[in-house]
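Visitor: I want to learn how to read this model. Where do we begin?

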Amino acid sequence: MADDDIQVAEGGTGEGSAGKWILLALAVLYVAGSLYFIFDLRGRLEKMSKDQAASSAQIADLGKRMQSAEADDETLAQQVGLTKKEMASRSAEIMRQQRASEARLAEQQKQQISAVSGEVAGEKTDVGGVKTDVASTKADLEATKAKLQSTIGDLGVQSGLVANTREDLEVLKHKGDRNYFEFTLIKGAKTQPVSTVGLQLKKTDVKRGKFTLNVTSDDRTIGKKDRNVSEPIQFYSGRDRMLYELVVWTVDKNKATGYLSTPKNAPQAVSASPSGANQ
């Protein structure tokens with residue numbers, strides 16, 4: 001009987017040891033699998049960063065090509081005698097193509113970021129880094145968008161950066177390069193003072209995105225007829241003949257909204273504080 005008890009005890013000890021080894025092996029496999037998942041995930045994030053860098057390079061190349069195209073357009077206009085109206089139409093088409101390219105690049109980056117964000121949702125350590133990348137990418141897109149929106153004004157002079165929305169205008173204000181004055185003009189109303197000049201809306205064409213207005217500067221009224229939305233309208237003002245620009249970004253049946261841009265050292269209005277200007 002004693003021998004039988006000893007054999008049973010020895011058999012139980014062997015089974016317990018085998019169970020421990022199995023648990024240890026499973027733990028090692030789990031740790032190895034987790035490490036593989038983490039390394040694979042980091043590889044995907046590095047690939048996304050490279051893709052974003054490639055997209056930024058594409059945007060920079062697009063900007064150079066657009067600037068080259070604008071220079072070619074100006075030279076061609078001088079050679080074949082294009083009118084100012086035709087130049088404005090050509091510039092508007094370039095801006096439309098430019099916005100379409102930006103939208104395509106933005107959508108591609110958005111899809112890449114969404115795919116990676118879904119996979120990283122279970123890893124708390126990496127989620128914060130992905131959110132930071134998303135915010136950084138969005139900021140880079142906004143900055144690139146502002147940098148690309150430059151064209152030739154109706155006087156044939158290279159314009160500064162052009163804002164197409166109030167949000168874009170805020171970006172330009174923070175750059176601090178020029179003063180900016182927002183305005184809303186009512187058709188048929190009296191001349192409205194904006195900074196040191198006067199603006200009067202004469203006509204709008206909502207369907208074609210065009211408008212006509214008068215600019216009063218230095219006791220002289222200049223008619224700007226059939227201009228396009230987002231087209232830089234240029235004129236000289238003051239004793240030093242400083243270049244002023246105005247842009248209308250929306251037209252309705254009876255009103256137009258936009259902004260006036262003046263040099264930093266341009267005279268300021270005495271009767272009113274330029275609340276809409278970047279000081």
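Guide: We begin with surface. Accessible areas come from the Shrake-Rupley method with a 1.4 Å probe. This is a predicted model, and its protein exposes about 17000 Å².

Visitor: How many residues are buried, as a percentage of the 279?

Guide: Buried means under 20% relative accessible area. Here, 35% of the 279 residues qualify.

Visitor: Which residues make the nonpolar surface patch?

Guide: I22, L23, L26 and L29 make it, and the patch covers about 440 Å². One of these residues, L26, sits in helix α1, which spans residues 2-80.

Visitor: How many helices and strands are there in the protein?

Guide: Four helices and ten strands. Follow the sequence and the pattern is α-α-α-β-β-α-β-β-β-β-β-β-β-β.

Visitor: What do the contacts say about sequence separation?

Guide: Take contacts with a separation of 6 or more: 52% of them join residues 24 or more positions apart.

Visitor: What is the average pLDDT of the protein?

Guide: pLDDT is the predictor's confidence in each residue, from 0 to 100. The protein averages 77, and 70% of the residues score at least 70. Over residues 1-10 the pLDDT is below 50, and this stretch has zero contacts in the model beyond near neighbours in sequence.

Visitor: Over which other residues does pLDDT stay under 50?

Guide: Residues 271-276. For that stretch the model has six contacts beyond four places in sequence. Where pLDDT is low, the predicted coordinates should not be read in detail.

Methods. Residues are numbered from 1 along each chain as its sequence is written. This is a predicted model: local features need pLDDT of at least 70, side-chain atom pairs count only at pLDDT 80 or more; totals for chains, interfaces and linings use all residues. Side-chain values use heavy atoms; hydrogens and water are left out. Contact means heavy atoms within 4.5 Å. Patches are made of residues with over 30% relative accessible area and no salt bridge: like charges are joined within 9 Å, nonpolar side chains (Val, Leu, Ile, Met, Phe, Trp, Tyr) within 5 Å. A salt bridge is a side-chain nitrogen of Lys or Arg within 4 Å of a carboxyl oxygen of Asp or Glu. Helices (H or I, at least four residues) and strands (E, at least two) are DSSP runs, numbered from the N terminus. Buried means under 20% relative accessible area, exposed over 50%, partly exposed in between (1.4 Å probe, protein chains only).
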